[in-house]
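Please look at the sequence and the model before starting.

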Amino acid sequence: MPIGVLCAMTGEIALLREDMEVTGRETVGGREFLTGRLYGREAVLALSGIGKVAAACAATILLDHFGAETLIFSGTAGGVDPTLRTGDLVVSDRSVQHDVDAIGEALFQVPGYDQPWFDGDQRLTALAAEAAARFFERDMAGEVPTEHLAPFGITRPRVAVGTIASGDQFISEREKNRWLSEHIGNLRCVEMEGAAAAQVCVEFGVPHVILRVISDGANEESAVDFEAFIDQAARYFTRGAVRELIKSL
């Protein structure tokens, strides 16, 4: 059974597409899914698109139509944890849909579930954290030109494990960050897809992990050129972390 890999944006998935040994292409639900081998393993790779519905749709197709045995969702995110810096990488051990507030349920709890968060697979989380750290320590210097990283102040990225919050909102307010941190335990970063894909994986009984490279602080002071960051840094970090994780599975 193949490993499923999703990214939300073209820049995030670009190097993974280059590295994949493509044996087939199939369009399902308006998305192109590439099948073949990625870093020595049978895999299915696709661009989900931005937002929770897009992520859930793509994840469902990967699991139901292509029979993926594991799902890796990788890309960028805004940092909420004040200790994180641009270029650091977050590995999920659980995820939350921060825009869910249903009457009669706990805050963030999707109706029909008994808790507000979606737990990740402990083994997969540990392997992913080790894989990302291995890339940073062993391979980053040889794969990412120093002049690419210097504009973003990236020197020694670190890996953090914790909660990733997803919602159909672009978070850019310090007060919103503070509120989310007060209500979500061990919150590391915010993005717009991961927890929706996680919900699908939980319902299918398939292990998943979310990998997110921190692009900014998700607040009013964020001044990173996002497109440049993806092109010069994040896509390399995504490829490196995903590559090392797949090799360890």
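Arg-243 is buried, its relative accessibility being 10%, where buried means under 20% relative accessible area, exposed over 50% and partly exposed in between (1.4 Å probe, protein chains only). The model is a predicted one, in which local features need pLDDT of at least 70 and side-chain atom pairs count only at pLDDT 80 or more, while totals for chains, interfaces and linings use all residues. Residues are numbered from 1 along each chain as its sequence is written, and side-chain values use heavy atoms, with hydrogens and water left out.

**Exercise 1.** Determine which network of salt bridges includes Arg-243.

*Solution.* Salt bridges with shared partners connect Arg-243 with Asp-19, Arg-134, Arg-138, Asp-139, Glu-143, Arg-239 and Glu-244 in one network; the criterion is a side-chain nitrogen of Lys or Arg within 4 Å of a carboxyl oxygen of Asp or Glu. Within it, Asp-139 and Arg-243 form a salt bridge at 3.3 Å, N to O. Asp-139, too, is buried, at 15%.

**Exercise 2.** Find the salt-bridge partner of Asp-99 and state whether each side chain is buried or partly exposed.

*Solution.* The partner is Lys-52, with the closest N and O atoms 2.8 Å apart. The two residues are 47 apart, Asp-99 lying in the loop between β6 (89–97) and β7 (117–119) and Lys-52 in helix α2 (residues 52–64); helices (H or I, at least four residues) and strands (E, at least two) are DSSP runs, numbered from the N terminus. Asp-99 is partly exposed at 27% relative accessible area, whereas Lys-52 is buried at 12%.
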